[in-house]
Amino acid sequence: MLEQLRKSFQSCPIVKRGEYNYFIHPITDGVPLVEPALLRDVACSLFKALDLADVNKIVVTEAMGIHIGTVLSLMTDIPYTIVRKREYKLPGEVTIGQTTGYSKGTLYLNSVFDGDRIAFIDDVISTGGTIRALLPAIESTGAEIADLCFVINRGNPDIGRPYKSLVSIDVDSEGVHVLDSYF
Ligand SMILES: O=P(O)(O)OC[C@H]1O[C@H](OP(=O)(O)OP(=O)(O)O)[C@H](O)[C@@H]1O
Ligand SMILES: Nc1nc2[nH]cnc2c(=O)[nH]1
């Protein structure tokens, strides 16, 4: 498995965002084109990787967690909620400050409550800034994080707890180098 994903890094454009070497990839950007075979490869591997026993909700972040969350939800019949970049002011909404290697913003977590057992997936982990802010926010609701998986692990950051990835990469100004793949 993951042949499609491993192969897909061969032609990733790299653009500078400040000092940050930002790779452009269908799973993390939705451009240039998201091939169904690649999405299927990722979805089947996420399904294999995750322990979904008694998980009642999948949590993803806007924007590039949405497509993989949708496919995993369809495969597992588990509903998902999107941590949005827009405030909804629904009861229990949790506001989260997000910092990545190239941006700062605010995220809003809704529909996760005490007693939920959630699985979190995202397209990529790089500095870990996003997930390190999200973990306490999810736990502040009383929900339990049953499992955590990123499609792409770019920096193998320490986030204070174990997490899974499908593929680990290194990025430099020349391009993306696949280090290893799992599952
Ligand atoms: O480990 P980190 O350094 O936090 O980077 C990982 C985050 O960066 C991207 O989010 P971003 O909001 O930048 O982009 P998106 O809207 O394209 O998902 C990506 O979707 C991850 O959530
Ligand atoms: N597409 C993309 N998303 C990211 N999120 C954090 N780092 C990156 C990156 O280099 N490329």
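Strands and helices are DSSP runs, numbered from the N terminus: a strand (E) has at least two residues, and a helix (H or I) has at least four. The model is predicted, so local features need pLDDT of at least 70 and side-chain atom pairs count only at pLDDT 80 or more, while totals for chains, interfaces and linings use all residues. Residues are numbered from 1 along each chain as its sequence is written, chains are lettered from A and ligands numbered from 1 in the order in which they are written, and side-chain values use heavy atoms, with hydrogens and water left out.

**View 1. The shell around ligand 1.**
Strand 7 gives the most to the shell around ligand 1, with 4 residues. Strand 7 covers 117–125. Strand 5 (94–99) and helix 5 (129–140) also supply at least two residues each. In total, 19 residues surround ligand 1. A residue is near a molecule if one of its heavy atoms lies within 4 Å of it. The closest are Lys 85, Tyr 102, Asp 122, Thr 127 and Thr 130. By class, the shell has 5 nonpolar, 10 polar and 4 charged residues. Here Ala, Val, Leu, Ile, Met, Phe, Trp, Tyr, Cys and Pro count as nonpolar, Asp, Glu, Lys and Arg as charged, and the others, Gly among them, as polar.

**View 2. Polar contacts of ligand 1.**
A polar contact is a pair of N or O atoms within 3.5 Å; within protein, one must be able to donate a hydrogen and the other to accept it, and residues adjacent in sequence count only if both atoms are side-chain atoms. Look at Lys 85: a polar atom of its side chain is 2.6 Å from an oxygen atom of ligand 1. Thr 130 also uses a polar side-chain atom, 2.6 Å from an oxygen atom of the ligand. Gly 128 uses its backbone instead, with a polar atom 2.8 Å from a ligand oxygen. Taken alone, ligand 1 exposes 500 Å², and the protein buries 90% of that. Such areas come from the Shrake-Rupley method with a 1.4 Å probe; for residues, only the protein chains shown count as cover. The space taken by ligand 1 is the largest pocket. On a 1 Å grid over the protein atoms alone, a pocket is an open set of points with protein on both sides within 12 Å along at least five of seven lines. A molecule sits in a pocket if more than half of its atoms lie within 2 Å of its grid points.

**View 3. Ligand 2 and its neighbours.**
Ligand 2 also has a nitrogen atom 2.6 Å from an N or O atom in the side chain of Tyr 20. For the side chain of Thr 28, the distance from a ligand nitrogen is 3.0 Å. For Asp 29, it is 2.7 Å. Taken alone, ligand 2 exposes 280 Å², of which the protein buries 94%. Ligand 2 sits in the largest pocket. Strand 2 (20–23) and helix 2 (26–29) each give two or more residues to its shell. Strand 2 gives the most, with 4 residues. Other residues around ligand 2 include Tyr 102, Val 124, Ser 126 and Arg 154. The shell divides into 5 nonpolar, 3 polar and 2 charged residues.

Ser 73 is in helix 4, residues 66–76. Ser 73 is buried, at 12% relative accessible area. Buried means under 20%, exposed over 50%, and partly exposed in between (1.4 Å probe, protein chains only). A polar atom of the Ser 73 side chain lies 2.5 Å from the backbone oxygen of Ile 78. Ser 165 is in strand 9. Ser 165 is buried too, at 8%. The side chains of Ser 165 and Asn 153 are joined by a polar contact of 3.2 Å.

Ile 152 is in strand 8, residues 144–153. Ile 152 has 0% relative accessibility, so it counts as buried. Ile 159 lies in the loop between strand 8 and strand 9 (164–172). Ile 159 is buried, at 8%. Ile 159 and Thr 127 are 32 residues apart in sequence and 9.3 Å apart in space, C-alpha to C-alpha. Glu 19 lies in the loop between strand 1 (14–17) and strand 2. Is Glu 19 buried or exposed? Glu 19 is exposed, with a relative accessible area of 72%. The C-alpha atoms of Glu 19 and Arg 161 are separated by 28 Å.

How values were computed. 1 Å grid on protein atoms, 1.4 Å probe; cavity = no way out; pocket = protein on both sides within 12 Å on 5 of 7 lines; lining within 4 Å.
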